[in-house]
Amino acid sequence: MVEYSERQGTPVCMSQSPLEKAVQFHRHVCPGLLMGVRAAEFALQFLRVSPDRDEELVAIVETDSCAVDAIQAVLGCTFGKGNLVFLDHGKHVYTIASRERHRAVRIAQKWGNLRGAEFERFRALAQKTDLSEEEELEREELRGRILEQIMSLPFEELFDYREVQLDLPPRASIHPSVRCVRCGEGVMQTRAVETGQGWLCRPCAGEA
Amino acid sequence: MCEANVYLVRDGVEELLMEKVDRVVPGADDTVMLESVFGERRILKARIRELELVRHRIVLDEVRPQVDADDAELWLVPDTGHGHFHPGEEVSLTLWKGKGMRPGPGLAAERVEAFVVRGGQQVAVGLQSEGQGLRLSLGQGEDGLVTVYAREEGDRRCYAKVIIEVGHHHHQGVEPVGLPLEIVPRTHRHVHLGDHYEFTVLKHGRPLAGATVRATYPGSRSAGYPVRVATDESGSARVFLTAPGNWLFSVTDGDVTSTFTLVKGF
């Protein structure tokens, strides 16, 4: 029996747009993700670089919002690769640097750019948990209009940007692991605490 | 059992709906009220499938609104999650009846005809009942574009159309097949999420101005259509594609409803 389903394919012979790469990674479409896509695409254009392969780029992000998933997916600056630096400032600010071009651009979301009545209504509906059918429809309609607005507006209406001088962090390095004498688990030596009894991981040392 | 996590089964996929729920009240008309220890409350259309007391899990089945038979539409979906077929690959698709990508009952092979249009030639194709849908097998695909449409005659006339790509990069203009009411994309190309998709509505081959075209996509939680646009004086309109997956466009004029399925690779 055929069950109804709308499969979302994983294309192997069709190119994906930066937005699609971001959505594939983030798994849903939202305004924050699209803002990240716009910022990431602009950074590539401004710095005249391609997405990162092996730490040629560094991204310093001052938020942990949805937009950062777009930064990772579009720019290739990822948490695991070590070229995504998170500063917990709660600001929609992204500084993207190229090691090869010795250039960096600081991109900051403009205050008030998405604060119209339509956006506020969308946020109110998005935070509500018991939407009626009419409210669900309204939420999706608003979401569609806001997404279109984000992808269509001139970049300068969404963000401020300026070139900055940056002392780039060194490329990610690999350190040996030691065994925590309390829990027995391995821990990177540079993160371990040396005591009279031997190495301790931070949780066991009470530093976590 | 103190509190539980509530999971909703939607399209056969189980997803976490609400955590730390300590109150579940089934209501009339297939509604269930959930309340969490944090005071959050949610009412939705669902039926309780299972209470796993030891694992603190409550599993609900989503209840979709009944489709009014007088309000139903047909639509075609290629059996590929890839956006296209490859030459030599078995090409098949499924015809559904319902509303806004939500299948309902009432689709009978004896009341429906389907045709393949290629190079200006129309050839009837058989329909095989499978579940709530009707399956169309077109055999091994030849490189190029194939238009498939289906129609159901009656007090209300329903049409469904889709353009299937076999192979790659068949970017070209698209000709109407001559339906009484027809959505015709401006061109066939690989459309991406975030693109504007442009099309024209034709009534008996002429542009239909002021028609409301509804659109929806997989994963929409709305019972209705989250996108509605009106055609301009040239019968044209465009929609910004905000969701992955295939999109369904639908237009009604008098007693005719016609749909077009946009097949996307992502």
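The model is predicted: local features need pLDDT of at least 70, side-chain atom pairs count only at pLDDT 80 or more, and totals for chains, interfaces and linings use all residues. Residues are numbered from 1 along each chain as its sequence is written, chains are lettered from A and ligands numbered from 1 in the order in which they are written, and side-chain values use heavy atoms, with hydrogens and water left out.

Chain A contains an open sheet of five strands in the order β2-β1-β3-β4-β5, with mixed pairing. Strands (E, at least two residues) and helices (H or I, at least four residues) are DSSP runs, numbered from the N terminus, and two strands pair if DSSP finds at least two bridges between them. The edges of the sheet are β2 (84-86) and β5 (159-164) of chain A, each pairing on one side only. Direction ignored, neighbouring strands of this sheet are turned by 15 degrees against each other on average.

Within the sheet, β3 (residues 93-98) and β4 (residues 103-109) of chain A run antiparallel and are joined by six bridges. Ile96(A) stands opposite Val105(A) of β4(A). Helix α3 (residues 67-75) of chain A packs on the sheet and touches β1, β2 and β3 of chain A, its direction making about 180 degrees with that of β1(A). Contact here means heavy atoms within 4.5 Å. Angles run from 0 to 180 degrees between N-to-C directions, and axes are lines fitted to C-alpha atoms, for helices over the stretch in contact. Helix α2(A) lies across β1 (57-61), β3, β4 and β5 of chain A and runs at about 155 degrees to β4(A).

Two packed helices are described by the angle between their axes and the distance between the axes. For α1 (residues 18-26) and α2 (residues 31-47) of chain A, the axes come within 10 Å and cross at roughly 135 degrees. The helices α1(A) and α2(A) are therefore oblique to each other; angles under 35 degrees count as roughly parallel, over 145 as roughly antiparallel, 65 to 115 as roughly perpendicular and the rest as oblique. On the side of α1(A), the contact is made by Pro18(A), Leu19(A), Ala22(A), Val23(A) and His26(A), and on that of α2(A) by Leu33(A), Leu34(A), Val37(A) and Glu41(A). By class, this contact has seven nonpolar, one polar and one charged residues.

The axes of α4 (residues 117-127) and α5 (residues 133-152) of chain A come within 9 Å and cross at roughly 135 degrees. That angle makes α4(A) oblique to α5(A). Residues of α4(A) in this contact include Phe119(A), Phe122(A) and Leu125(A), which meet residues of α5(A) including Arg139(A), Leu142(A) and Ile146(A). The contact of α4(A) with α5(A) has six nonpolar, no polar and seven charged residues.

Chain B is divided into domain 1 (4-62) and domain 2 (69-262), with 35 Å between their centres, taken over C-alpha atoms. A closed barrel of five strands in chain B runs β1-β2-β3-β4-β5, with mixed pairing. Its twist averages 60 degrees from one strand to the next. Strands β1 (residues 4-10) and β2 (residues 13-26) of chain B run antiparallel and are joined by six bridges. Val9(B) stands opposite Glu14(B) in β2(B).

Terms used: Ala, Val, Leu, Ile, Met, Phe, Trp, Tyr, Cys and Pro count as nonpolar, Asp, Glu, Lys and Arg as charged, and the others, Gly among them, as polar. Domain bounds come from an automatic or database domain assignment.
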